[in-house]
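The following explanation leads through selected parts of one protein structure. Please keep the sequence and the model in view while reading.

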Amino acid sequence: MEFKQIPQRKIPNILITGTPGTGKTSLAQQLSQSTGYVHHDISLLAKEKNLCDGWDDEYKCYIIDEDKICDELENQMNLGGNIVDYHGCDFFPERWFDLVVVLRTNNTVLYDRLSKRNYHQKKLTDNIESEIFGVILEEAEDSYKKEIILELENNEINDLERNLDLILEWIKKWESNQK
């Protein structure tokens, strides 16, 4: 059996994950604008390209087909310069990411954000509990090397700006180490 080696990327891939309502998409959009990297909103991609495996009546959302998502992104991820934005992370191949950002939010702030999105009570409660118990952080720690995971608080606009600056600084260091 022949092992195909993937060439080292010149620019990194970044995963931004966290409980719904923690600000993943806002941070990913700003990071994409600042870097020119391609932003992949997985929920949107699944809907646009019909990469879904049905509808969840209880949570009122599409169920993504994780294999189809990975197949769709595989070639582009090998090139680098991608920002993936999704509330789950354990199904993405470990080799795809150079940095995994896990956003965390205060429960009161998160409750207000999810209420504004009109989440029904069960969905709201389940997401708040997920944040309390650090489910997404644990999923990231089980799926990726600890040294590439960055846990960041994201409660207000100042946090978003600080987090953006931290990631941009990380990118500069990463790119300088590739030369």
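Ser-26 is partly exposed in this predicted model, because its relative accessibility of 38% falls between the limits of 20% for buried and 50% for exposed residues. Ser-26 belongs to helix 1, a helix that covers residues 24–35.

Is Gly-23 buried or exposed? With a relative accessibility of 18%, Gly-23 counts as buried, since the limit for that class is under 20%. Once the neighbours within four places in sequence are set aside, the contacts of Gly-23 are with Leu-103, Arg-113 and Asn-154.

The UniProt annotation "binding site", from an unreviewed entry, covers Gly-21, Gly-23, Lys-24, Thr-25, Ser-26 and Arg-117. Of these annotated residues, Gly-21, Gly-23, Lys-24, Thr-25, Ser-26 and Arg-117 are included in the lining of the largest pocket. The record thus supplies the annotation, while the pocket lining is computed from the model.

Attention may now turn to the backbone. Asn-118 is not a glycine, yet its phi is positive, with a value near 60°. Asn-118 is found in the loop that joins helix 4 (107–116) to helix 5. A relative accessibility of 67% places Asn-118 among the exposed residues, because that class begins over 50%.

Asn-50 is another residue with a positive phi, in this case about 55°, although Asn-50 is not a glycine either. The loop that holds Asn-50 runs between helix 2 (42–48) and strand 3 (52–56). At 58% relative accessibility, Asn-50 counts as exposed.

The last stop is on the surface. Which residues form a nonpolar patch there? The patch consists of Ile-132, Phe-133 and Val-135, which together have about 310 Å² of accessible area. Ile-132 lies in helix 5, which spans residues 121–132. Ile-132 is partly exposed, its relative accessible area being 47%. Ile-132 can therefore be counted in the patch, because patch residues need over 30% relative accessible area and Ile-132 has 47%.

Terms used:
Residues are numbered from 1 along each chain as its sequence is written. This is a predicted model: local features need pLDDT of at least 70, side-chain atom pairs count only at pLDDT 80 or more; totals for chains, interfaces and linings use all residues. Side-chain values use heavy atoms; hydrogens and water are left out. Patches are made of residues with over 30% relative accessible area and no salt bridge: like charges are joined within 9 Å, nonpolar side chains (Val, Leu, Ile, Met, Phe, Trp, Tyr) within 5 Å. Accessible areas come from the Shrake-Rupley method with a 1.4 Å probe; for residues, only the protein chains shown count as cover. A salt bridge is a side-chain nitrogen of Lys or Arg within 4 Å of a carboxyl oxygen of Asp or Glu. Helices (H or I, at least four residues) and strands (E, at least two) are DSSP runs, numbered from the N terminus. Buried means under 20% relative accessible area, exposed over 50%, partly exposed in between (1.4 Å probe, protein chains only). UniProt positions are given in the numbering used here, feature names are shortened, and annotations may be inferred rather than shown by experiment. On a 1 Å grid over the protein atoms alone, a cavity is a set of points where a 1.4 Å probe fits but cannot get out, and a pocket is an open set with protein on both sides within 12 Å along at least five of seven lines; lining residues have an atom within 4 Å of a point. Contact means heavy atoms within 4.5 Å.
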